[in-house]
Amino acid sequence: MGKKSVHIALVGNPNSGKSSLFNALTGLNQKVGNFPGVTVDKKTGSLWLDDQQQAELIDLPGTYSLYPRRADEWVAYKVLMGADPDIQTDVVLLVADASNLKRNLLFCSQIIDLKIPVVMALTMNDIAAKKNINIDISGLEAELGIPVVAVNPRKNKGIGNLKKILQQVARIHAATHTRDFIDTKKLAPEAIHGVQQLVPQLSDYASVHYLINHEQFPLNNTLQAAIEQVEIDHKFNPTKTQAEEIMQRYHRIRQIMQQNVVEPGPLEKKLFTDKLDNLLLHRTWGYIILLTVLFLLFQSIFWLARFPMDGIEWSFQQASSWLGNVLPQAWWSDLFINGIVAGLSGILVFVPQIMILFGLITLLEDTGYMARISFLSDKLMRKVGLNGKSVMPMISGFACAVPAIMSTRNIENRKERLLTILITPLMSCSARLPVYTILISLVIDDKYYFGFLSLQGLVMMGLYLLGTTMALIVSYVMKWFVKIQEKSFFILELPVYRAPRWKNAAITMVEKARIFVTDAGKVIMVISLLLWFLSNYGPDHRISKLEDKYAALMQQMPAQKDSLQKHLSTEKLQNSYAGILGKTIEPVIAPLGYDWKIGIALITSFAAREVFVGTMATLYSVEESDNSSLREKLQSARHPDGRPVYTLAAALSLMVFYVLAMQCMSTLAVVKRETKSWKWPVFQFTYMTILAYSMSFLVYHLF
């Protein structure tokens, strides 16, 4: 039987290695939710400190100091101040970057003065060694008065020792440091004394924060008024106090650094990272390299995924053929083959592409290049009303708009955040990938230029660039209409370049494939089964009339039974509930080059864009009894006058529609949650539908 669980808060500056340490300590025992009352990610994980002692690790948002500005920094601040009733911590695990110790020590010194148990995990020691930085860890421990443990989460070094020290500190359950980092009392002695008379358990430094931010803490009205009165009585000046505190902290930090850290002189040669930045952040070459990286990304998706996709498609063809021969002719066998199996094939065939896309994006993030993309894009983003921080949500939108929109929370400026939310769905997410893939393979030749440039890959990249370009144009137009006046700053710390962790990429690929199959797969399967029903059944009088008509014809012309059976299937589909719905909306979509079946797919894919392929698989499986692939069925599709349905013009028009239309209920739901209003999702759905319809109309008639 284990002891009572220990609650550990994981804190640190952004890019200090906090996420790597969290993953190393908790492994797969992680949960992601939201902090109560705010749309900020809450990551928690469980770990065993030894055979008997379990702990819960709470990963708090990265922050540089105890003076918060953003919503996520306020979350970390309130937990550390003990002002969050839902999260009580026994120990604070502070992550500090050994290669940038001076900056990390500011936050560390503030936590020390709160008089809460703290352990420092020193990361990035390998990078510090490359920079010729030597740290006397025992000297640092003596100066700070807290345990300091060197760790390397990537290689699992020092993790065992860290767990042991966390357990020791938790068992003592008291601040291991007794002296102040700076003499806080001298900052405002009378005011601090006044607050401590009202709240006796506060340390001197916590009292300063109560004077500055008491309105943000869950205190009763009497106590709020009393603290306010202390401020007035003693003429407490928060700005002056904060400035003086920071100056004193940095003075002490400089002394500690001189005594315990040996750093190279400023004239010593630059690190490889700095040399690489000169090229990758160059005002000309930087953009050329960025476009090349994106180009290779989309070429790779087509080239690498082709073989497993062909294999999956062939397997399902064989399975459908075998089941058709083995199972008896009955409604349930038809449901199984044309509903369940056809729906499954529409899901699994695209798993390789989704895995490859996410794997490559993870590798780019891991190397540190993603942050450079933000830095590089800031100038362009500002011209359209955004800033460099908008780039990360936009790039994340290539994977999925839902987490991308949630990641806009780290954009401090409200106008820039709203504009980013409104345009992010224009980025082509992975759910559109199945639609693009099937349509490109139908109308674009599988041709290579110079032996390696795929024409299909170039068209795919063109669709992604179209979405990005339209997003920037829409943002430029909207910035004149969104009336929020607020100053904007773009501060970004560039992480050092590191070798990518293939294991990390592999875990992400498997995880994203699982999410696609379980989350999107459930929706696709439900809609496939619903469609099978709507496609097989219709108003009784219509269906019985058709069956009587064709029964008579088959008796008259028995030699043409197979041909008549195919005509019956086609007419039954047109007179089914699905057919009636499709025919009703056909006049609206006909100017775009679409038939009624595409109309049904547009409606069903509003649940999730990738449902388009499952819908087509079901509709054509119901109509045609042969076991040809979906691609072959779409190629042979004809309008009533004999024209092919999927011409170059119609397919390009449909691709453009899917690039620009809001075809996702989940995205609208998350926009409502993030903006706390239905006004913006309704506006977003309206402008994207009008934009998609008009651009598709233009493309169809141009081609």
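## Close-up views of a predicted model

View 1. Tyr-476 is partly exposed, with a relative accessible area of 39% (buried means under 20% relative accessible area, exposed over 50%, partly exposed in between, with a 1.4 Å probe and protein chains only). This is a predicted model, in which local features need pLDDT of at least 70 and side-chain atom pairs count only at pLDDT 80 or more, while totals for chains, interfaces and linings use all residues. Residues are numbered from 1 along each chain as its sequence is written, and side-chain values use heavy atoms, with hydrogens and water left out. Tyr-476 lies in helix α20 (helices, H or I with at least four residues, and strands, E with at least two, are DSSP runs numbered from the N terminus). Apart from neighbours within four places in sequence, Tyr-476 is in contact with Lys-383 and Val-384 (contact means heavy atoms within 4.5 Å). Met-381 is 95 residues from Tyr-476 along the chain, and the C-alpha atoms of the two are separated by 9.3 Å.

**View 2. Helix α19 against helix α20.** Two packed helices are described by the angle between their axes and the distance between the axes. Helix α19 (residues 433-443) packs on helix α20 (residues 455-478) at an angle of about 140°, with the axes 10 Å apart (axes are lines fitted to C-alpha atoms, for helices over the stretch in contact, and angles run from 0 to 180 degrees between N-to-C directions). That makes α19 oblique to α20 (angles under 35 degrees count as roughly parallel, over 145 as roughly antiparallel, 65 to 115 as roughly perpendicular and the rest as oblique). The crossing of α19 and α20 is right-handed (the near helix is turned clockwise from the far one by less than a right angle; anticlockwise is left-handed). Leu-433, Tyr-436, Thr-437, Ile-440 and Ser-441 of α19 meet Gln-456, Val-459, Met-460, Leu-463 and Tyr-464 of α20. Seven residues of this contact are nonpolar, three are polar and none is charged (Ala, Val, Leu, Ile, Met, Phe, Trp, Tyr, Cys and Pro count as nonpolar, Asp, Glu, Lys and Arg as charged, and the others, Gly among them, as polar).

**View 3. Helix α19 against helix α28.** The axes of α19 and helix α28 (residues 648-660) come within 10 Å and cross at roughly 165°. The two helices are therefore roughly antiparallel to each other, and their crossing is left-handed. From α19, the contact uses Val-435, Tyr-436, Leu-439, Ile-440 and Val-443; from α28, it uses Leu-648, Ala-651, Leu-654, Met-655, Tyr-658 and Val-659. The residues of this contact are eleven nonpolar, no polar and no charged.

**View 4. Strand β5 and its partners.** Seven of the seven residues of strand β5 (residues 91-97) are buried, so the strand is largely enclosed by the rest of the structure. Val-91, Leu-93, Val-95 and Asp-97 point one way from β5, and Val-92, Leu-94 and Ala-96 point the other way. Strand β1 (residues 6-12) pairs with β5 in the parallel sense over five bridges (two strands pair if DSSP finds at least two bridges between them). Val-11 stands opposite Leu-94 in β5. Strand β6 (residues 118-123) runs parallel to β5 and is joined to it by six bridges; here Leu-122 in β6 is the bridge partner of Ala-96.

**View 5. Helix α8 and its cover.** Ten of the ten residues of helix α8 (residues 204-213) are buried, so this helix is largely enclosed by the rest of the structure. The cover over the buried residues of α8 includes α2 (71-80), α3 (101-113), α7 (189-198), α9 (221-233) and α10 (238-260).
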